[in-house]
Amino acid sequence: MTTQRFASVWDAIEDTQQEAENMKLRSTLMMAIKNHIARADLTQADAAKLLGVTQPRVSDLMRGKINLFGLDALVNMATAAGLQIEIKVLEVEAA
């Protein structure tokens, strides 16, 4: 049996590299927003006001329902929370 190793769980479960990269970015943003809410000790209602979304939307975020969030929405929420987002793009070496 051959054991295959992946750099990320998303690389293992997504069908394409594009989908995996999108999921990596989304999960990073979701975790950052979730951690910000926890550090600020916000209720879901207060977090919803801060982020400009509904409380059920915050609940979805806190429960990790990643498929319900696109990159645009997460960038908007992170910015509303006062978080600064930086993107680093690297060239991939040919194998």
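**Pocket, patch and salt bridges**

Me: What kinds of residues make up the lining of the largest pocket?

Reply: Nine nonpolar, two polar and five charged residues. Ala, Val, Leu, Ile, Met, Phe, Trp, Tyr, Cys and Pro count as nonpolar, Asp, Glu, Lys and Arg as charged, and the others, Gly among them, as polar. This is a predicted model, where local features need pLDDT of at least 70 and side-chain atom pairs count only at pLDDT 80 or more, while totals for chains, interfaces and linings use all residues. Residues are numbered from 1 along each chain as its sequence is written, and side-chain values use heavy atoms, with hydrogens and water left out.

Me: What volume does the largest pocket have?

Reply: About 610 Å³. Of its 16 lining residues, the closest to the centre are Glu21, Leu25, Ile87, Lys88 and Val89. A pocket here is an open set of points on a 1 Å grid over the protein atoms alone, where a 1.4 Å probe fits, with protein on both sides within 12 Å along at least five of seven lines; lining residues have an atom within 4 Å of a point. The volume is the space filled by probe spheres set on the points, which are joined across faces, edges and corners.

Me: Which element gives the most to that lining?

Reply: H2, with six residues. Helices are DSSP runs of H or I, at least four residues, numbered from the N terminus.

Me: Where is Ile87, and is it buried or exposed?

Reply: Ile87 is in the segment after helix H5 (71–80). Its relative accessible area is 67%, so it is exposed. The cut-offs are under 20% for buried, over 50% for exposed and in between for partly exposed (1.4 Å probe, protein chains only).

Me: Which residues make the nonpolar surface patch?

Reply: Val75, Ile85, Ile87 and Val89, with about 380 Å². Patch residues have over 30% relative accessible area and no salt bridge, and nonpolar side chains (Val, Leu, Ile, Met, Phe, Trp, Tyr) are joined within 5 Å, like charges within 9 Å. Areas come from the Shrake-Rupley method with a 1.4 Å probe, and for residues only the protein chains shown count as cover.

Me: New topic. How many salt bridges are there?

Reply: Two in the whole structure, counting a side-chain nitrogen of Lys or Arg within 4 Å of a carboxyl oxygen of Asp or Glu. Glu21 pairs with Lys24 at 2.9 Å, N to O, and Lys65 with Asp60 at 4.0 Å, N to O.

Me: How far apart are Glu21 and Lys24 in helix H2?

Reply: Three residues, so about one helical turn in H2 (residues 17–39).

Me: And Asp60, buried or exposed?

Reply: Buried, at 18% relative accessibility. Its partner Lys65 is partly exposed at 40%.

Definitions and conventions: Helices (H or I, at least four residues) and strands (E, at least two) are DSSP runs, numbered from the N terminus.
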